[in-house]
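Student: I would like to learn how to read helix packing and a chain interface. Please take me through an example.

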Amino acid sequence: MADFLLELSKNPQARKLVQTLGLPLPMPEPLQRPRGPRGDRPLADRAVTLRTAESTLTPHVADALARAGASVTAVGTAAALDGLGDVGEAFGRRPIRTDLEALGGSKARVLVFDASDFAAIDDLDRLWEFFNPLLGGLARCGRIVVVGRPADQAPTAAAAAARNALDGFVRSLAKEVGKRGAGANLLIVEDGAEDRVAGPLRFLASERAAYVSGQPLRVSARAKAAPAAPETRPLDGKTAVVTGAARGIGRATARALADEGAHVICLDRPEDASAVAQLARELRGSPLAVDLLAPDAIDAITAAARERGGIDVIVHNAGITRDKTLLRMKREAWDLCLDVNLTAVAAITAALSDAKLLRANARVVCLSSIGGIAGNMGQTNYAAAKAGIIGLVRSLAPQLAKRGVTINAVAPGFIETRMTAAMPAGVREVARRLNNLGQGGLPVDVAEAVAFLALPSSDGVTGQVLRVCGGALVGA
Amino acid sequence: MPVSTSDRPSRRAVIVAGARTPFVKAFGDFLALDSIALGGHAARALLERTQLARTEIDAVVWGGVILPTMAPNLAREIALDLKLPETVEGMTCTRACASGLQAITLAAAAIERGEADVIVAGGSDSTSNAQIALPQKLVHALAPVAFGKATPADMLGVLAQLMPLNEVLPKMPRIAERTTGEVMGESAERMAARNSIAREDQDALAARSHHRAAAAIASGRFDREVAAVETGKDRRVYADGLVRADTSVEKLAKLKPVFARNGTLTAGNSSPLTDGAAAVLIMEESKARALGYTPLAAIRSWAYVGVDPADQLLIGPALSIPLALERAGLALGDVGLVDIHEAFAAQVLSVTKMLASAAFARDRLGRAEAVGEVDEARLNVHGGSIALGHPFGATGARMVTTMAHELHERDQQFAVLGICAAGGLGASAVLERV
């Protein structure tokens, strides 16, 4: 079922009419999504206003923006601006250094606030001083990224307060700008991980993160750094496995990974063999028809991985729901849901790891769910499994880090798929609106997040849960 | 990029001589001469001045950008027009504004590989004779009429397909990038802004280009290189037509920007559309000496690079110059002459600024130190394309000839050339005095 309100709001006349008449209808802003695979300069010529900090992180942030092609206007103290040095010069992208007064209410596609120098509660005033005049000039579907340091590593209580305040600030800001299709997110960069900020920043500042909003994402140097890879076709020569690739999010993910150059092994149940074969042919990958619950499933997957000399990316996407209140839930429904959504993920990951079939700097991405974070009526089985995924990811991350392997979870919110199309119309209509952007996401939004975590440049992100939920109103 | 100095070829290609037509404004004195005719004039002048026996020539290699559709292999047409022996084969190459240099390095490579001993290489372009293409829609619609017998119904069908009429009218040709749709001046305008190149500096470079070119003409320095062209009965063009000895920074400052409202690029600090041709005689060194010639220079190295045309279209020479120098085993400081094609003053200044930038060396070349400053005294010593004009395919051959002579004039050992080209290309060569 298409989203009627979203379709309506794409029509400028209808949009105007609804707004003029003051109808109590939400008019969600149609999101701008990326066209085609990644390129060298995703932010080419985009106006980016950057608040610089007096910290070692600012030059890395500015450098990442310059390399991404952005036209950066930098504001901040004289010392912070001096700290930029010759960043961007080699690309003809030296940030224009100015101050907030001279900037007035100028327009920008992206606002980046480096808060890495926050040490005291008073420092929070800088947020108001920056965003209050500039927010009005933020483009529709603009992006906001706040960069901070982890509160749990703060030297003083006051610093921890200031650092943690960013979390509440960004979540609220995301709700405020969501009406315009814009998103705001927080990048928490640990000490020593400064040189890993570029990949996550590129993602969050671009339309590839269109449906990611109000989220904190932590960047650490925990996993061994990945060798440098090109920005265009970064997955060239790599092999990826996507489970549940026949349709929906899995299909979009397989496509996204193939677009970035990966050879994708498209895995789904034997019942969907023809759909998977067709997709694999289209993506120049290979099909693998396996039932994850079959006794030989793991052998089949490890054999396929061995044939390719190991794998670089595995996306545990296959999932099912068997909704019932716990009181009325049959044992089979409980078992099946946990077996597919959690047990199989743990077993496959362990088997690949034990057989040394996860290559160095491999990427493991597990699909969790907003249900696993917030809980959902009638989904005790599903939510238990999806929350279990988060536990799995957090526990495995340090174990895999030595070889540069990262493992993360992606937790989709309301995504327009076959699963949500089957919901009762009233519930679906309400569910769509319960986020900052007032609309459901598309499978491609989740695929973009998965592809981001699969990149070599995401070596700073491990053990994290990235929600693709438009800033859902439920869940922490 | 492979850099090898250990396996220098045993055969060495040398530049024996060069000759060119005067460079004149497009739609001017050379209106009746197309690229082939212009190329013929330059090549004929070269052969006359060197008194080369035509039987010694193995091949003609020619560069061109606006190629005539009916006879795109300029090289062979020139050879046939000049009545060179039928055995003189010909090939034409195109690499946008670096086409002339490309022809010369192709010739050098062929000689060093032993494919030939004597090659006439060069390039020519006639913007005045650019063909205006018919839209594909019209061409396809007319196909049944042009091929086979058209029935009245076919004719009606053709008419029906021609609507709406504006889609089948020929389009005004423009020098726009195919991938970005941006006119080259717009790209250069953005480069000026991004690299903070001031209008005054651009105008100063343009004025210097004119003054130096005018001085070279007045002193007779170009007489060895430029040969008069007869354009009609009692009508001869002797000298370059675009150089303005009387221009000044003040005069140039009065011109309005042409590519952006608040821009810095003007007709005065950009190269003009030009008609012209240039030819260079290249031989295997021992062959040249056996024929009694004294070679001017050898081509020590060359390099071609690509950059993203959507980013900084004309920054290529900032990458190709260091690469060519590296292949030659030289540093910028070892080179006494630097000749950079002046598509736009803003582009030359962007390139020299990046050569002097430590950040550029670090981030784009992976080097610890900047390539180096290019001081005005050794840069474009006789002016460049802004003053002399820029017949696309001819420019590379003009630069090679001027620099080959200049190595002797100034008693220098090395010269480096840098040319930017459409498509985001950069081209360079290092010349060594022989």
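Student: Which hand does the crossing of α1(B) and α2(B) have?

Tutor: The model is a predicted one. In it, α1(B) crosses α2(B) in the right-handed sense.

Student: Which residues make the contact?

Tutor: From α1(B) come B:Ser35, B:Ile36, B:Gly39, B:Gly40 and B:Ala43. Facing them from α2(B) are B:Leu74, B:Glu77, B:Ile78 and B:Asp81. Sorted by class, this contact has four nonpolar, three polar and two charged residues.

Student: At what angle do the two helices pack, and how far apart are their axes?

Tutor: Helix α1 of chain B spans residues 35–50 and helix α2 of chain B spans residues 74–81. Their packing angle is about 60 degrees, and the axes are 9 Å apart. Because roughly perpendicular starts at 65 degrees, the pair α1(B) and α2(B) is classed as oblique.

Student: Now the interface. How is the size of one often given?

Tutor: Often as the accessible area lost when the parts come together.

Student: What confidence values come with chain B and with the complex?

Tutor: Chain B has a mean pLDDT of 92, with 93% of its residues at 70 or more. For the complex, the predictor gives an ipTM of 0.86 and a pTM of 0.90.

Note on methods
Residues are numbered from 1 along each chain as its sequence is written. Chains are lettered from A and ligands numbered from 1 in the order in which they are written. This is a predicted model: local features need pLDDT of at least 70, side-chain atom pairs count only at pLDDT 80 or more; totals for chains, interfaces and linings use all residues. Axes are lines fitted to C-alpha atoms, for helices over the stretch in contact, and angles run from 0 to 180 degrees between N-to-C directions. Helices (H or I, at least four residues) and strands (E, at least two) are DSSP runs, numbered from the N terminus. Angles under 35 degrees count as roughly parallel, over 145 as roughly antiparallel, 65 to 115 as roughly perpendicular and the rest as oblique. A crossing is left-handed if the near helix is turned anticlockwise from the far one by less than a right angle, and right-handed if clockwise. Two residues are in contact if their C-beta atoms, placed from the backbone, lie within 7 Å. Ala, Val, Leu, Ile, Met, Phe, Trp, Tyr, Cys and Pro count as nonpolar, Asp, Glu, Lys and Arg as charged, and the others, Gly among them, as polar. pLDDT is the predictor's confidence in each residue, from 0 to 100.
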